[in-house]
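Please examine the sequence and the three-dimensional structure shown below. The paragraphs that follow lead through selected parts of the fold.

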Amino acid sequence: MGDGLVVQKSGLIERLDSKPGAISSDNPFYWYIHLQSLGKRAQTKEMVEEAVNGFNVDNHAYTILKVIAKKHLTREVCEIAVCKNGLNLKYVPEQYRDISMCMSAVRSDGGALHDVPTQILLGDKGYEICLTAVCNDFEGQTLSFVPDCYLRGKEGKALCEAAVRANGYALEYVPKRLITKELARAAIETPFPVKEILWPDGSCLARSAYRSYRPVLSLVPEKCMSEELVALSARLYPESLSYAPSEFVSRDLCLELVERDPMNLRYVPMPDKKLVDSALQANPRAILAVPESMLTLKRCRDALRRDPTIPIEKLPESHRKKLEKEFRSDAFVKYEPIALETPSVTDDETQAISCSDEPHAYDLSVADGSAETIYYISDIHLEHQLVKQPNDIVKLSLPEIQERIDNKIAELLASVSDARGTLLIGGDVADSIELEALFYERLTSFTERHERWWGRIFAVLGNHELWDGDPMGFKPARPIDEIIADYRQTMPRGVKLLENELFIVYKGLSGKVLDESTILDASVEELAEACANSTFLLLGGLGFSGLNPVYNAEMGLYRETVSTEEDIARSRRFRAVYEKVLASAGNLPVIVLTHTQMADWSDARYNPKWIYVSGHTHQNTFLLQRDGVAVFSDNQVGYKPQSWHLNGFTIDVHAYDPFKDYPNGIHQITREQYVEFNRCQGIMMQGMKHPGDLYALKYDGVYMFVLESASSLCLLEGGRRHKLDYDISYYYENLPEYVRKVRSAFMPYQKALSMVSDEVTAIGGSGGIHGCIVDIDWFNHIYLNPFDGKVTPYFALNTTDKLVFKNIEALLEFSPVPPRLSSGESMLMRYLGTPSREKKLPILSRASSKEWELAVVPQVVLDRSMYEPSRIMRSIQYIFDQNVLRVWNDAILAIDNNDDIQALPGASKLLDS
């Protein structure tokens, strides 16, 4: 540095860039994963031979020949593979699929019979191959692949018997004429095969071929059914009793099964009173297996007296109220909740109050590339939301609370079309670790009532979480960090709890959490580099309330856990982290998730580049300003029981460019760099599997990727190739002119957008431009169609529902949220009051159906087949989205600068997205 100071580096970038090594060669799945990622074209003969010898995993989902190039599938390679896993036979070339190969396959796995050629099945060794296959049948389906000609006579009988003795489920495929009582008995009493199955995550699961949902008894024809057979099956598999004809079910057998396990009562068809009472006497929980018609109030009451943990909600509704009055279940929540007085909103900005209970999705995206919706909710207060009266929570058992949480989560998930996005939860979920952990466990799990949340979940704690299950403050308070650590420990996988931490998706590939010390220890330059190279940034923490003069620790906001001094100190700590990130990433899109509002921990103004999400006040407000400020506190559930939903906002997906520091030129790159570039740009591809050298041609931020092999030069489109006619220098030399001509084709359209923007600004609107859209405000917009130049005013509450108006005057007057000036005056009045309106506002005064020649983009640079009104710029060309040239059209270079670019003969498409 010029002043002689040396910036101390904390090693942050080095730690972020350090990648875990490639999968170890000691990993059992090494060769499968290695060959799959490498691609078939890059494989060598020696590599393949080593792979088939070294890969010993017996898992039907991982057949090594599937990932090997056909040119390397020699007879020797195939023989080794099918001996280890017979299902590899599916990928053996036909010329090697002879008797010997097929026999080796079915010895390993009888299921390979499915892929044995018909001519071999019907040949001299066909019966022997089939017999071998059915004797090695794990799934019980191999007999279905046996030709009918072998299922006749003595040979057929022997084949079926061998199949059934290998796996009882083979009985399903035995011809009815060959099923005897003896064969049915053999099917039932034959032990089912068990296989240890290894998976890439290191788990090894023992899988039995038995299917409890479909016992073998269900496959036995009526002619072979007997009381003896039913008894044999029921003693081995009690659940099979449900599939037995009632005339073959003896009372003695039912009594025997119930004495062994009273819960077997659930499988008994039409149990009598004596059997029911016998089961209940042995185990009161058998009340859950009693048919509803026999669930008398007396039986339910007696069962509950002996076992109070029986969930009352599982008993008939007609008895439930009486039982709930008599029995107080073993309460999961041991404390009585308290409702605090809610803080007032302290922002001095003009706020819009959201009065609707319907979900909202605000579109904050400004670019024309990929966008993602971030969902949010806060202040769930489970103790209050699960019951009508807060004190009733202490009357609920764990199963009852689980059921009620599941119902509320189902309600929550029903408010969105896809549960795979990012979800922010802003604290005050519950007053205790146990109840909060239960909520997140149910949210991330499949239940009978709802699917799971598939996407990322980020959470912060609220002041209620710090009550630590003791709202009245009876217990000695624990240190805050100890409480936070316990919450972290209970969070399920997929939920990240942030406290003074910054979550980043570094280089678009891996999520990292930078904790408080890492952020403060790093230099601004280091942190700025880390943030600039990240595609998602989320700063989270409780925030605390040290700057709030009333609603702070002194008034009991945190009960006994946080003192006034610590409240102030914690607020300063979060502000220090906030200001460090602000200094490093002030111009980047950062989401700030806190429980308390910003005014509680900072007296600074909102950064218009950032998005703020908070709760705590129980007053649902949002703030959207023309300078870009976005503050969402409008999905706080609060104390009063109500329906739940998610709100959301849509933001641009920020792409990371690993080649941003490369100068203009031709650069040879690796396959890994090419794949990383595409993935970081959101361009989906599985890998680069074609042989040759890869080059990146870069000019003025625009890229063109080519693959040079011994025989050709190809332009790359993800993992696909398009043959080029000239050498690589030709394309680099012409790239600047090519890009210039493409961009110049859009100059009139861009000028037209600017003119629309100027007129919108003149009547008091925002005038912000993104893609083909000019913003009037957050909800009202003007769409300029590049195909015909038509100007269309419309209202949009979210990215999917739009209301179109015939002209700007109609929108200003009849929009569901009419645009207003900062003074509160209607923008319609400003528009109507403009002197000589048609001269000063010629575009806004046009009818929306009238075409505007200036705003029509030349057809050569448009792809009409990809037209999507909501994302028009994505359909124009990749060069204006991810700056990647995907298709080369030499005709563009042939245009004289004075020529009409629309007159280009035969040009229908320049770049393909």
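In which sense do strand β20 and β21 pair, and over how many bridges? In this predicted model, strand β20, residues 713-717, and β21 pair in the antiparallel sense, and four bridges join them. Within this pairing, L716 has R721 of β21 as its bridge partner. In general, the strands of a sheet pair through backbone hydrogen bonds, either parallel or antiparallel.

These two strands belong to an open sheet of five strands, whose order is β17-β18-β19-β20-β21 and whose pairing is antiparallel. The edges are formed by β17 (665-669) and β21 (720-723), each of which pairs on one side only. On average, and with direction ignored, neighbouring strands of this sheet are turned by 35° against each other. A helix also packs on the sheet: α23, residues 728-745, touches β17, β18 (693-699), β19 (702-708) and β20. The direction of α23 makes about 40° with that of β18.

Another open sheet of five strands has the order β22-β23-β24-β25-β26, again with antiparallel pairing. Its edge strands are β22 (769-770) and β26 (802-804); each has a single partner strand, so one side of each is left without a neighbour in the sheet.

Parallel pairing is found around strand β12. Where do the side chains of this strand, residues 591-594, point, and are they buried or exposed? I591 and L593 point one way, V592 and T594 point the other way, and all are buried. Strand β11, residues 534-541, pairs with β12 in the parallel sense over four bridges, and L539 has V592 as its bridge partner in β12. Between β11 and β12 the chain passes through helix α21, residues 564-585, and this β-α-β crossover is right-handed. Strand β12 is also joined to strand β13, residues 611-613, by three bridges, and these two strands run parallel. In that pairing, the bridge partner of L593 in β13 is V613.

The next topic is the packing of two helices. Helix α17, residues 433-443, and helix α18, residues 480-490, pack at an angle of about 30°, and their axes lie 9 Å apart. Angles under 35 degrees count as roughly parallel; α17 and α18 are therefore roughly parallel to each other. The crossing in which α17 passes α18 is right-handed. On the α17 side the contact is made by I433, E436 and A437, and on the α18 side by I483, D486, Y487 and T490.

Y173 is found between α8 (153-166) and α9 (181-189). Leaving aside neighbours within four places in sequence, Y173 is in contact with G140, Q141, L143 and S144. Of these contacts, L143 is 30 residues away from Y173 in sequence, yet the C-alpha atoms of the two residues are 6.1 Å apart in space.

Definitions and conventions. Residues numbered from 1 in each chain as written. Predicted model: local features only at pLDDT ≥ 70, side-chain atom pairs only at ≥ 80, totals over all residues. Heavy atoms only, no water. Buried < 20%, exposed > 50% of the residue type's maximum accessible area, 1.4 Å probe, protein only. Pairing = 2+ DSSP bridges. Right-handed = clockwise from strand over helix to strand, strands pointing away. Axes fitted to C-alpha atoms, helices over the stretch in contact; angles between N-to-C directions. Contact = heavy atoms within 4.5 Å. Parallel < 35°, antiparallel > 145°, perpendicular 65-115°, else oblique. Left-handed = near helix turned anticlockwise from the far one by under 90°.
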